[in-house]
Protein chains: 2
Amino acid sequence: MSKKISIAIDAMGGDNSPDKTIAGVKLFLDKYKKKEDFILNLFGNEKIIKEKISKYNISSNLIKIINAEGVISNEESPLTAIKNSKNTSMWNCIKHQLEGKSDISLSAGNTGVLLVISRMILKMIDQVSKPALAGLWPNQNGMNVVLDLGANIECNDQNLVDFAELGAALYKSLYPKDKPKVSLLNIGSEEIKGTETLKTASGRLKELSNDDNFLYIGYIEGNEIMNGISNVIVTDGFTGNVALKTAEGTAKFITKNLKKSLTENLVTKLSLIFSYFSLKKFKEKLDPRKYNGAIFLGLNGPVVKSHGGTDPIGFYHSIDLCYKIVKGNLMSQIKKNLDHSKSA
Amino acid sequence: MSKKISIAIDAMGGDNSPDKTIAGVKLFLDKYKKKEDFILNLFGNEKIIKEKISKYNISSNLIKIINAEGVISNEESPLTAIKNSKNTSMWNCIKHQLEGKSDISLSAGNTGVLLVISRMILKMIDQVSKPALAGLWPNQNGMNVVLDLGANIECNDQNLVDFAELGAALYKSLYPKDKPKVSLLNIGSEEIKGTETLKTASGRLKELSNDDNFLYIGYIEGNEIMNGISNVIVTDGFTGNVALKTAEGTAKFITKNLKKSLTENLVTKLSLIFSYFSLKKFKEKLDPRKYNGAIFLGLNGPVVKSHGGTDPIGFYHSIDLCYKIVKGNLMSQIKKNLDHSKSA
């Protein structure tokens, strides 16, 4: 790729920003120091960003600061956001992307506002009627894409088919050597299970299933999300959001109880000496910061939402995700998949 | 209670039955040997049941065998069940209950068939239009009731309000000293979040919330199911089923990876010597057999479905659940709650 990958970063959004965002940028620059194929455009108060850049000892010709005075608060409602968010760091990221100066935008700020202004500025892809929020989810063999995670609480069968094409394109951009295995989340694997919407979507996905775009493997149930049989899991935004948060809550419940068990007395604390490195590896595998970054799909350009409460490591992972998405040519994968969907 | 608690048990349903069911009965009789306030009616092939009773050294005047030749297979479809299930062990349990000879029925057999024939024989409570499948779910402080777990994939606001009344009654029958704290599962806690159905149900539950029946605490998200802020969680059967199975899958994923980490080499295996008892306690707390038994609510009598693949300990826990539900006067709790719902 001769053209540099250009990432627009809202340096001001999220808790503890711009400290967190700039520290995340530092981690990214350190990790990718041998590459020169990208540029990070940092949007926000120039003076403050410069201070943080000096604080974190960043010296790189791969970053560019673009001044933006305003910051969108977490309290801002999506309903009034368009009026109130002009010329903020978040708004200017998306504008920069619209003008073709960036390939992708990243923000840890207000999710609702980011979705509304991204959609308004970048506009939907012609063939897609609803955008989806896609997330990465660990499974027994690696990583899943799950969508929609909450952008649309009600979806029809065509929306679900679109999500399958978009999610498969995302998976292919991240794992170019893999074949996306698409499934629909349902409450049973038999054909008679589920809503009419799911049955119609399933019929259509069967027709579309092929070697080039994705293989449709049918319905899966909630307990199969993490077992690795599928790597693109499609559902409506209500179900997807509940599933994601239920998984988070379950993981927290288990690890909290495990920690309590392993530290309840001197003997069990002793055991930690022997299992320290293994438990550390176990913890790292499940570290939610590694999966930080939800991808807003269906617009004329990808937008990534970092968790607002993440730390520099989590923010680094979402910059890394942006880099990989552009490197993997997400938008041409999407175009290819949507063409297939319309022609088949 | 002068009248004995009478439980109808399908001895033949589920994997490894009647070995499992009779071994579960044995555990129950041992645990409750000082009580004389119940009778277990065992339905199935009399000769085989007698053999197992002798195999497990059961000698008790608190059990009664009622011969039934047929057994419903796992392959039987709910659509043809009514025709094919007459005089099976499962069918005769429910009939026994209808005739007032049992207070509750328990089966580890085919779920779909159990739901269909229970509904057909016992009939719905007049004021309730859809029955719900309720489950027990561990939380940070004890136990939740979650419903519906899959009986109805689509629900209107009145169904959700009914589920709240039914679930609160179940919780009160199991924990007479506690006050049920009811919540609706949603994708955000703000009032504007969720479907119109949820918003209407939420408004109605606010009106119904009181000290006698239940306290309505509003919306919760998936990550709050296990944190203990609510003990009756209401949702439609599609979402509830996905949430339950996602939690199961997540728990399995984590414990599998943990086990792998703790046994990967000699050093970590050594650590298990020190943490053995703590890990055992941790495992026991999360043991799914303790939560075995989904309760079918909304009929003129409660029916409990044990997991088909559980073992004697799991089956014992579902007999125990039946005993507690009847002891806690579930049906009068339900009547009280539904009267409140209709009058308020």
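**From one alanine outwards**

Mentor: Start at Ala134(A). Leaving out residues up to four places away in sequence, Ala134(A) touches Val145(A), Val146(A), Leu147(A), Leu149(A), Gly167(A), Leu170(A), Ala294(A), Ile295(A) and Leu297(A). Keep in mind that this is a predicted model. Why begin with this alanine? The largest nonpolar core has 198 residues, and Ala134(A) and Ala134(B) are the ones with the most contacts inside it. In soluble globular proteins, nonpolar side chains tend to be buried together.

Now follow one of those contacts, Gly167(A). Gly167(A) sits in helix H6 of chain A. Is Gly167(A) buried or exposed? Gly167(A) has 27 other C-beta atoms within 10 Å, so it counts as buried; the cut-off for buried is 20 or more. Look at its contacts next. Outside four places in sequence, Gly167(A) is in contact with Ala134(A), Val145(A), Leu147(A), Val232(A) and Val234(A). Take Val232(A) from that list. Gly167(A) and Val232(A) are 65 residues apart in sequence, yet their C-alpha atoms are 6.1 Å apart in space.

Leu147(A) is a contact of Ala134(A) and also of Gly167(A). Check its backbone. The peptide bond joining Leu147(A) and Asp148(A) is cis, with omega about 5 degrees. Asp148(A) is in the loop between strand E6 (142-147) and helix H6 (157-174) of chain A. Chain A has another such bond to look at, from Ser17(A) to Pro18(A): this one is cis as well, with omega near 5 degrees. Pro18(A) belongs to the loop between strand E1 (5-10) and helix H1 (19-31) of chain A. Most residues other than glycine have a negative phi, and most peptide bonds are trans.

Step back to the domains. Chain A is divided into domain 1 (1-125) and domain 2 (129-297). Their C-alpha centres lie 27 Å apart. Trp91(A) is in helix H4 (residues 89-98) of chain A. With 26 C-beta neighbours inside 10 Å, Trp91(A) counts as buried. Beyond four places in sequence, Trp91(A) is in contact with Ser85(A), Lys86(A) and Ile117(A). Compare the spacing to Gly240(A): 149 residues in sequence from Trp91(A), and 27 Å in space, C-alpha to C-alpha.

Next, the meeting of the chains. How many residues of chain A are in contact with chain B? There are 47, and they are in contact with 47 residues of chain B. On the chain A side, the elements giving two or more residues are helix H8 (237-262) and helix H9 (266-286). H8(A) gives the most, with 19 residues. By class, that side of chain A has 21 nonpolar, 18 polar and eight charged residues.

Strand E1 (residues 5-10) of chain B is joined to E2(B) by six bridges, and the two run parallel. One pair to find is Ile7(B) with its bridge partner in E2(B), Leu40(B). The link between these strands includes a helix: E1(B), helix H1 (residues 19-31) of chain B and E2(B) make a right-handed β-α-β unit.

E2(B) also pairs with strand E3 (residues 63-67) of chain B, in the parallel sense, over five bridges. Here Phe43(B) has Ile66(B) as its bridge partner in E3(B). Again there is a helix in the path. E2(B), helix H2 (residues 46-55) of chain B and E3(B) make a right-handed β-α-β unit. In a regular strand the side chains alternate between the two faces of the sheet.

Finish with two asparagines in loops of chain B. Asn87(B) has a positive phi of about 65 degrees, although it is not a glycine. Asn87(B) is in the loop between helix H3 (78-84) and helix H4 (89-98) of chain B. It has 11 C-beta neighbours inside 10 Å, so Asn87(B) counts as exposed. Asn329(B) also has a positive phi without being a glycine, about 55 degrees. Its loop runs between helix H10 (312-327) and helix H11 (330-343) of chain B. Asn329(B) is partly exposed, with 17 other C-beta atoms within 10 Å.

How values were computed: Residues are numbered from 1 along each chain as its sequence is written. Chains are lettered from A and ligands numbered from 1 in the order in which they are written. This is a predicted model: local features need pLDDT of at least 70, side-chain atom pairs count only at pLDDT 80 or more; totals for chains, interfaces and linings use all residues. Two residues are in contact if their C-beta atoms, placed from the backbone, lie within 7 Å. Helices (H or I, at least four residues) and strands (E, at least two) are DSSP runs, numbered from the N terminus. Ala, Val, Leu, Ile, Met, Phe, Trp, Tyr, Cys and Pro count as nonpolar, Asp, Glu, Lys and Arg as charged, and the others, Gly among them, as polar. Two strands pair if DSSP finds at least two bridges between them. A crossover is right-handed if, with the strands pointing away from the viewer, the path from the first strand over the helix to the second runs clockwise. Domain bounds come from an automatic or database domain assignment. A nonpolar core is a set of buried Ala, Val, Leu, Ile, Met, Phe, Trp, Tyr and Cys residues joined through C-beta atoms within 7 Å. A residue is buried if 20 or more other C-beta atoms lie within 10 Å of its own, exposed if 12 or fewer, and partly exposed in between; C-beta atoms are placed from the backbone.
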